[in-house]
Amino acid sequence: DVTENKDEIERLYLEGLMKPTGDRKFSPQMGITRGNFVETLMNVFKISAECEEMFTDVPETHANYKAIAAAKAYFIIGGDENGNFRPDEPITKQDMLVIAKKTIDNSMKYRNEIRSDNNTDTSFVAPYAVGDVNHMLKYGYLEPEKDYRENATRQDVAKLLYNILWE
């Protein structure tokens with residue numbers, strides 16, 4: 001069920017970094033939750049840690065608890081005004097990029113060459129995400145998109161991870 005980015009998706013699968021959705025399908029157009037995205041990033045970057053104060057909406061029984069705890073402990077993610085992370089909601093492209101940028105910063109896996117002078121149209125990115133989205137564009141982690149407020153798909157995550165790890 002994969003047409004675009006087949007090679008990138010296969011490599012991530014073979015490296016054990018992205019799992020199929022069932023019946024050995026990748027389901028590239030399927031969305032990904034905030035919790036699953038964080039778990040994927042923590043696995044890719046081999047980040048783990050305990051967290052003393054967890055988000056109010058992430059119980060210890062949540063499937064992504066350990067990864068979310070690690071990301072919170074390293075200040076990669078933060079909660080909303082009510083102390084929630086909303087792990088079961090779809091992640092937007094802009095949140096995916098903000099979290100990925102913070103993870104890269106935390107792991108010190110920097111690129112030191114500017115690969116593009118692209119900047120995003122700020123009318124399609126929330127103000128809190130503009131700097132991180134532009135950084136990810138500038139250093140070639142992704143191609144420009146039309147609207148970063150849209151939900152990310154599994155294919156978007158695969159392209160981003162591939163670019164972070166091997167491009």
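These notebook entries record what I looked up in a predicted model of one chain.

**Entry 1. Overall fold**

I began with the secondary structure of the chain and found six helices and zero strands. Read along the sequence, the elements follow the pattern α-α-α-α-α-α. I then looked up the radius of gyration, which is 15 Å; the globule rule gives 15 Å for 167 residues, so the chain is as compact as a globular protein of that length. Taken along the principal axes, the box filled by the C-alpha atoms is roughly 40 × 40 × 30 Å. I noted that 47% of the 167 residues count as buried. For contacts between residues at least 6 apart in sequence, I recorded that 74% join residues at least 24 apart.

**Entry 2. Helix H6**

I turned next to helix H6, which covers residues 154-166 and has 13 residues. From its first C-alpha to its last, H6 reaches 18 Å, close to the 18 Å expected at 1.5 Å a residue. Why is H6 described as largely enclosed by the rest of the structure? I found that 10 of its 13 residues are buried, so the description follows from that count. The buried set consists of Arg154, Gln155, Asp156, Val157, Ala158, Leu160, Leu161, Tyr162, Asn163 and Ile164. I looked up the partners of these buried residues and found that they pack against helix H1 (6-14), helix H2 (34-44), helix H4 (93-107) and helix H5 (130-138).

**Entry 3. Threonine 153**

I examined threonine 153, which lies in the loop between H5 and H6. Is threonine 153 buried or exposed? Its relative accessible area is 14%, and the cut-off for buried is under 20%, so threonine 153 is buried. Leaving aside neighbours within four places in sequence, I listed its contacts as Pro28, Gln29, Met30, Gly31 and Ile32.

**Entry 4. The largest pocket**

I searched for open space next. Rolling a probe the size of a water molecule over the atoms shows where empty space is left. The largest pocket has a volume of about 340 Å³. I counted 15 lining residues, of which Lys19, Ile32, Asn36, Thr40 and Arg154 lie nearest the centre of the pocket. Which helix gives the largest share of the lining? H2 does, with four residues. By class, I recorded five nonpolar, seven polar and three charged residues in the lining.

**Entry 5. Serine 48 and helix H3**

I looked up serine 48, which is found in the loop between H2 and helix H3 (65-73). Serine 48 has a relative accessible area of 60%, and the cut-off for exposed is over 50%, so this residue is exposed. Which residues does serine 48 contact, leaving aside its neighbours within four places in sequence? I found Ala70 and Tyr74. Serine 48 and alanine 70 are 22 residues apart in sequence, yet their C-alpha atoms are 4.9 Å apart in space. Alanine 70 is itself buried, as are Tyr65, Ala67, Ile68, Ala69 and Ala71 of H3. I noted that the buried residues of H3 pack against H2. Finally, I checked the residue that follows H3, phenylalanine 75, and found its phi to be positive, near 60 degrees.

Technical notes: Residues numbered from 1 in each chain as written. Predicted model: local features only at pLDDT ≥ 70, side-chain atom pairs only at ≥ 80, totals over all residues. Heavy atoms only, no water. Helix = DSSP H or I, 4+ residues; strand = E, 2+ residues; numbered from the N terminus. Expected span 1.5 Å × (residues − 1). Buried < 20%, exposed > 50% of the residue type's maximum accessible area, 1.4 Å probe, protein only. Contact = heavy atoms within 4.5 Å. 1 Å grid on protein atoms, 1.4 Å probe; cavity = no way out; pocket = protein on both sides within 12 Å on 5 of 7 lines; lining within 4 Å. Points joined across faces, edges and corners; volume = space filled by probe spheres on them. Nonpolar A, V, L, I, M, F, W, Y, C, P; charged D, E, K, R; others polar. Rg over C-alpha atoms; globule rule 2.2 N^0.38 Å.
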